[in-house]
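This report covers aromatic pairs and the contacts around them. The structure comes first, then the details.

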Amino acid sequence: MTPETTDTPIPATAPKRGTWLREHSELGVCVLLLALGVLVLTDALTMSVDLTQRGPVGPRTVPLVVGGGLLVIAVLLAVDVLRGGRGEAEGGEDIDLAEPADWRTVLLLAGVFLANAVLIGPLGFPVSGALLFWGSAYALGSRHRDRDPLIAAGLSLVTYFVFDNLLGVPLPGGPLMGVL
């Protein structure tokens, strides 16, 4: 006995609403790159340039190149996505997405950065930088109470001297200005 076959067509299920957009979500990145490119180009073209500028490279050159590059990348990415290209999932991270976020660490780091922003004026960079480096190390899990403050102070002083003396970027010295 052979099973009976019918030639009636099987009705296709209608695609769910928004499926096409989900499958082409990278187009959102294209729109963002396009808008950013237009913004950079508009800003570069409306920039006032001194008439006494000499040479072909002026203050508009880099923004024009960057804005044009953003537009080209946006178009190339859109063409790739519309042709079926898809971004690959990140495979290098060893994280468990089922675990909750570590809000304690995030809040500690945010507090350390906020404290640095508040204290850099009155205490100067060497002191506030040392607190920033030590606080960041503590928030990220280091518990060497004797070693961490010394490393933080040394790193802060080296950073201060490199920026202030070698690079010519003045950082506030605070009360230690006369000593350093």
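Y160 is buried, at 3% relative accessible area (buried is under 20%, exposed over 50%, partly exposed in between; 1.4 Å probe, protein chains only). F161 is partly exposed, at 34%.

This is a predicted model: local features need pLDDT of at least 70, side-chain atom pairs count only at pLDDT 80 or more, and totals for chains, interfaces and linings use all residues. Residues are numbered from 1 along each chain as its sequence is written, and side-chain values use heavy atoms, without hydrogens and water.

A search of the whole structure gives two aromatic pairs. Rings of Phe, Tyr and Trp (its six-membered ring) pair if their centres lie within 6.5 Å; planes under 30 degrees apart are stacked, over 60 edge-to-face, the rest tilted.

| Pair | Centre to centre | Angle between planes | Class |
|---|---|---|---|
| W134 and Y138 | 5.7 Å | 25 degrees | stacked |
| Y160 and F161 | 5.9 Å | 65 degrees | edge-to-face |

W134 and Y138 are four residues apart in helix α5 (residues 125-139), so about one helical turn separates them. Helices are DSSP runs (H or I, at least four residues), numbered from the N terminus. W134 is partly exposed at 35%. Y138 is partly exposed at 25%.

Y138 also has a charge over its face: R143 lies 3.9 Å from the ring centre. The criterion is CZ of Arg within 6 Å of the ring centre and within 35 degrees of the ring normal; for Lys, NZ is used.

S142 sits in the loop between α5 and α6 (148-166). Leaving out residues up to four places away in sequence, S142 touches A137, R147 and D148 (heavy atoms within 4.5 Å).

Technical notes
Helices (H or I, at least four residues) and strands (E, at least two) are DSSP runs, numbered from the N terminus.
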